[in-house]
Amino acid sequence: MALERLDEVARSLEAIANRIRESVGPAESLLESRANTAIYTVSETLDEISAALRRLRCIAEAKGTEGKVLTICTTWRVLEHDGGLIAIRVKPETVISFRDGKLVFHRGNVRMEVEGRRVKLCKWSYCKEIDPTNRKQVMEELPQIFYLLRGVANAVHKTFEATNLCARREAPDCTRI
């Protein structure tokens, strides 16, 4: 059951990323170019989370992992809870939760929440909520967005690479995802 949900969540995240990516338009100034970079980076982080979830599904299928709680590569646990899906990495603590169309990614001191067109980026207790499809709002808050996005994108990339390493050890065919 959780295996199918991994693929469903990955498709949902890809759809959100594509919708965000559509708001990237031609830049006529440096400010607009930087806003495009921020918007594109948000969409890429969602794509990396999606790819990580697909890779976890592939590894679980290759290893024949089944049950209510899927244990993948000793450090990952995937389970369904309250109609949502939760993927947890034990060390370093990483949580990817998707319920009712809302994604929550948490690793270390950074967090990203995505619901519909709203993206909330946090580092420690400082948070900023933006609509990445609204270029004007993104341009007005670029310094804050880049400050938060740098940490979130780095944490997502490290998580993506962790699933890649896991795939190399456990199911080499899954590294191509």
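Contact between elements is taken here to mean heavy atoms within 4.5 Å, and helices (H or I, at least four residues) and strands (E, at least two) are DSSP runs, numbered from the N terminus. The structure is a predicted model, in which local features need pLDDT of at least 70 and side-chain atom pairs count only at pLDDT 80 or more, whereas totals for chains, interfaces and linings use all residues. Residues are numbered from 1 along each chain as its sequence is written, and side-chain values use heavy atoms, with hydrogens and water left out.

The strands form an open sheet of 8 with the order β1-β2-β3-β4-β5-β6-β7-β8 and antiparallel pairing, where two strands pair if DSSP finds at least two bridges between them. At the edges of this sheet are β1 (69-72) and β8 (126-130), each of which pairs on one side only. From one strand to the next the twist averages 10°, with axes defined as lines fitted to C-alpha atoms, for helices over the stretch in contact, and angles running from 0 to 180 degrees between N-to-C directions. Helix α1 (residues 2-21) lies across β1, β2 (76-81), β3 (84-89), β4 (94-99), β5, β6 and β7, and runs at about 95° to β3.

Within the sheet, strand β5 (residues 102-107) pairs with strand β6 (residues 110-115) in the antiparallel sense over 6 bridges, and the two form a hairpin with 2 residues between them, in whose turn Gly-108 has a positive phi of about 60°. Strand β6 also pairs with strand β7 (residues 118-123), in the antiparallel sense and over 6 bridges; in the hairpin of β6 and β7, with 2 residues between the strands, Gly-116 takes a positive phi near 65°. Glu-113 of β6 is the bridge partner of Val-104, and the bridge partner of Glu-113 in β7 is Lys-120.

Two packed helices are described by the angle between their axes and the distance between the axes. Helices α1 and α2 pack at an angle of about 165°, with their axes 8 Å apart, which makes α1 roughly antiparallel to α2; angles under 35 degrees count as roughly parallel, over 145 as roughly antiparallel, 65 to 115 as roughly perpendicular and the rest as oblique. The contact of α1 with α2 has 16 nonpolar, 2 polar and 10 charged residues, the classes being nonpolar for Ala, Val, Leu, Ile, Met, Phe, Trp, Tyr, Cys and Pro, charged for Asp, Glu, Lys and Arg, and polar for the others, Gly among them. Helix α2 (residues 30-63) and helix α4 (residues 142-170) pack at an angle of about 25°, with their axes 9 Å apart, and α2 is therefore roughly parallel to α4. The contact of α2 with α4 has 18 nonpolar, 6 polar and 5 charged residues.

The structure holds 1 aromatic pair, a tilted one formed by Tyr-126 and Tyr-147, at 6.3 Å centre to centre and with 55° between the planes. Rings of Phe, Tyr and Trp (its six-membered ring) pair if their centres lie within 6.5 Å, and planes under 30 degrees apart count as stacked, over 60 as edge-to-face and the rest as tilted. This pair links distant parts of the chain, with Tyr-126 in strand β8 and Tyr-147 in helix α4, 21 residues apart.

Most residues other than glycine have a negative phi, and most peptide bonds are trans. In the loop between β1 and β2, Cys-73 has a positive phi near 55°. A cis peptide bond, with omega of about -10°, joins Lys-91 and Pro-92, and Pro-92 lies in the loop between β3 and β4.
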